Amino acid sequence: MESKICDEWKQNDTFQTQNKLSLERNDERFTFYDGPPFATGLPHYGHILAGTIKDTVTRYAAMTGHYVSRRAGWDCHGLPVEYEIDQMLNITHRDQVLEMGIDKYNDTCRSIVTRYTEEWETTILRLGRWIDFQNDYKTMDLDFMESVWWVFRQLFDKQLVYQGYKVMPYSTACTTPLSNFEAGLNYKDVKDPAVVVSFPVKEGNAKFVNASLLAWTTTPWTLPSNLALCVNPQMEYVLLTDKKTQHKYILAKSRLPQIYEAMNNKKKWKPEMADDFYEIHESFPGTELVGLRYEPLFQFFESPNYFQVISDSYVTDDAGTGVVHQAPAFGEDDYRVCLAHGVIQKGSDIPCPVDANGNFTDPVEPVKGVHVKAADPTLIQLIKDKGRLVQKAVLDHSYPFCWRSDTPLIYKAVPSWFVKVEEIRDQVVACNQETYWVPNEVKEGRFHNWLSDARDWAVSRNRFWGTPIPIWANEDLSEVVCIGSLDELEEKTGVRVTDLHRETVDSLTIPSQKNPGTVLRRVEEVFDCWFESGSMPYAQSHYPFEDKEGWEKGFPADFIAEGLDQTRGWFYTLMVLSTALFGKPAFKNNIVNGMVLAADGQKMSKRKKNYPDPNLVISKYGADALRMYLVNSPVVRAESLKFKEEGVLGVVKEVFLPLYNVFRFFLQNVERWETESGINFVPDAVKVRSTENATDIWIVAETQGLIQYVHAEMKAYRLYTVMPALVKFGTQLTNWYLRLNRDRLKGQEGDEQAESDTEVGLQVLYDVLLDVSTMMAPFTPFLTEYFYQHLRKYQPSYAEAANGGGTSNPVKPGKSDSIHFLRLPDYDETRLNPNAVEAMETLQNIVEQGRNAREKRNLSLKFPIKSVKVILRNPPEHVVTAITGPLKKYILSELNAWDLTVVPKEEHHDWVTLSLSPNFKELGSRLKQKMKAVKAAITALTHDEAVKVIEDGSIEVEGEVLNAETELESKIDFSRAGEEWEATSKMDGSLVVVIDCTQDEATLSSGMSRELMNGIQQLRKAAGLELKDVVEVFFTEHDDVDVVEKVVARNVSLFSAKFKGSVPLPSRFAPKWAVSLKCDTVEVGGSRVDVTICRPAVAVKDDLGEGPVNVLSTLEPSTLGNGEAFECTIDGERLSLKEGVDFWKSSAAKVRSMKLVDWLS
């Protein structure tokens, strides 16, 4: 069904038509930004989840009077693509790229970026998501890249761009820095060397000279680049002598266990044991160490500012020695602290003896050409040979790995182009406050904290496949030109380009204005692909080069949605760039989804194959079921979801099948009604509004309430609250409305008003189905489209769909070719009717409690109960009026009861006793010694007194006011225990239902009649009969038993109403020519009886001649008129046989007419 609808949408351009109709109506614009994914891999559940959220919201917007542009986009540049190419071409060093040529390398990258776009399109469209793949954008397109240049040029002109060093997570395998976000994607538990190294003091306070500062590190490879040592100014440090070596050491007092491991055994260590290990000479704050000069570990770098002790509060005592070695080229804090203390200068080179591939360079000769991680053993040995190694160990800890190459990252200072985020940080935080997020905790928590601590953003990467940074400069950067458009590039270089990648623009030069005769060349870097993603709002529309005014009317976007991981990714870059450019956020509303995990809670892994293929799940259960499962889960509240295939199946069973059954039931009974009445069913809103049936009024009110609720929640972007409401409504429609009205809608109620009342019920059911289908359309686009294509045919406007009318304005049910062209219905406040809803809720509670009471006594629903007593606490008058009036018959039917009474309040005490007791958990700490007296007073309350307390909501005892709802516990005890009565009550005591359990011949007979009816219905079903098919029923009892005949005799009216005037008869009354359709043995009241259903047959007078009998036996009863004569000629004799005298249209009519049994007349 879904695949067929997909094909029809594609064939009929249904999505494009929806947009066309919106534009024709000049609908208000609703702007949506879709974060571009990489197409180098196939879509997974994370994409499907985000796509479902986006599609649901944008479909809702389109169906509430908005024009929604939905363009697909592709992230084409960056590390994911380059890494694949490097693997493909076995490239391990950037020089290899330069040797093969950037043009060839980029051409190879270009060839794979759209590798899976067809698979993406197939999966996404099959999911039911409407997005424009024909008019997609790519970050590698010329127009997109030009707008990215424009964005950067605006930042440059605002003096928000500078070049500097930044210590960043760095992938030596991919030869590029990564963002902090990327660095956090792949942590692993590893074993690393951990060493403590001594740094002898050579200058400063005399008491420290000849003592050594001890520093601990898990990256020994950074020690050749050590420039300083850092201490915490407030921490307490000690000067001690090690008893074993007689060396003097300086370290934090709280970190002595790092050196003396025996101290870590808290059970065995005693303070007096310290004398065996060390002697403390003095303790002092870290400030006393600041300014000391120490003997460098290596002599690779020299400067008068190097090799001194500095201080910063980032030094902690949770590990190490309280002294941190500083290598500013390889640590973010190291760089910051050394810069603050003048050890290094901003903008100047810093010692960094490691190349792009992570190998040591000059002047670190002992390990030159060796990868840093592989150099640790050699360097540790060198340190040991110098006598400076105090301790060596192995540390198990969590360490970041490159998310692409799966190799350990290092932190490395790289020259980068920066955006001054810190300068506009307060503005960015303020812009965030203008946005609305679901859930709000992500906005106010994680995202706000990230923005509040935002650092300058390094936007450049030393790579090849990306948008080149549009800066041309001389070698010392004293002359810099930033280009913001193709026209400006042509003006400055004299060359008009049709591509902006490195192979095109790197060779272009700009004449120097400061030094005539020389030229400016483009800097080597390209943009980080996150900069491109953040520029997407402008670049996808080629802003400001095309439709500038139109774009500005739609900015900021009304809506975006992505995963929780984008708080430091796309959400961040969008917010920073929009604030810098326009002083406003890039979006107004944002839904943040969580992670979709495997069923065992682990991350989904292709290698582990721990999750079902999305395409197989869609093929097996349908896209609507998958969509509903995902949206109706914690994952749309930024929480994690353990994906379980049985959960998708559950949606099919619990939601779709019941709803489909209601839909099918409606179609079947409309067809039956049309056949029987000879009238075409035409939806009539007047009949729906004028219905007096209590359940009609209720289900209409529920429908209007659902419409009101969905609109309110969707305007608040709370998708996760909408699905439960739809599920609950489906339960009300299928389990209550349809069940209570099944016979009525089938036309089987048997009274004079049955036919007209059946039509009214069908009118109401149609109205509800159309409204609910339309409201559900954004959530379950396939199922609702299927429903609509059947429902629309009843509308008078269906004829207007011909000759293109179905794809034209104005849209309306019936005429419009797709449900997705329609406007979602607005709720009608006059039809909400809370009184009807409350009364129906009471009915449901009564029925549920009544069934519970039956179960307690093992009373089958087949056998009626004589009476039901209902005890309600302070019921509104309209509720009592409803359940004792129009709703009463439904309660009696559901409980198979003969009578129902609502017990007056003044008689409650005759049936139940309400008792109260203190909630000790809530009151214990507050009442203390008063508790005993309070308990005595509360438990001594009479029934009436307890009722008053509940009604008042509180009671004062011993000077304490007790809240009846939270601080008291209530209990209902039934006062009439015994064989005759059984009772059950709601937990809160607001309702008690009492049933009369006595059984007699009348109740038993009625119960057996139900058994016979059920048997007949099973035979009809087995024979494949439809509701409209009329049959005659005959039974044969054995062993001279007449149980069934007595049952039928007692319940003739019941059988007649159920089977349209036909009453089961003993087999002796069956015409010998009656055609049996199905027969079987049925158990009734413990006796077995043979039951046969037959096609209707003419019954004849017993003494009628053989000739007339032979003729009449061939006639179809439905062709004969009531009381009319049948003329025929037999053996030349003309005969006139009269209906009701010589023959009858059924055996029941004959038996009744001739009074062959005394119970049928």
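A residue is termed partly exposed when its relative accessible area falls between the buried class, under 20%, and the exposed class, over 50%. In this predicted model, aspartate 362 has a relative accessibility of 43% and is therefore assigned to the partly exposed class. Its salt-bridge partner is lysine 368, with an N to O distance of 3.0 Å. Lysine 368 likewise counts as partly exposed, at a relative accessible area of 43%.

A search of the whole structure identified 64 salt bridges. One of them joins lysine 207 to glutamate 282, where the closest N and O atoms are separated by 2.5 Å. This pair connects distant parts of the chain, 75 residues apart: lysine 207 is located in the loop between strand E7 (187-203) and strand E8 (212-217), whereas glutamate 282 belongs to strand E12 (residues 278-285). Lysine 207 is partly exposed, with a relative accessible area of 29%, and glutamate 282 is also partly exposed, with a value of 29%.

A further salt bridge was found between glutamate 951 and lysine 905, with 3.1 Å between the closest N and O atoms. Glutamate 951 is part of helix H35 (residues 943-952), while lysine 905 lies in the loop between strand E31 (900-902) and helix H32 (908-911); the pair therefore ties together parts that are 46 residues apart in sequence. The relative accessibility of glutamate 951 is 33%, which places this residue in the partly exposed class; lysine 905, at 48%, is partly exposed as well.

Salt bridges also occur in a network, in which Asp34, Lys54, Arg129 and Glu562 are linked.

Note on methods
Residues numbered from 1 in each chain as written. Predicted model: local features only at pLDDT ≥ 70, side-chain atom pairs only at ≥ 80, totals over all residues. Heavy atoms only, no water. Salt bridge = Lys/Arg side-chain N within 4 Å of Asp/Glu carboxyl O. Helix = DSSP H or I, 4+ residues; strand = E, 2+ residues; numbered from the N terminus. Buried < 20%, exposed > 50% of the residue type's maximum accessible area, 1.4 Å probe, protein only.
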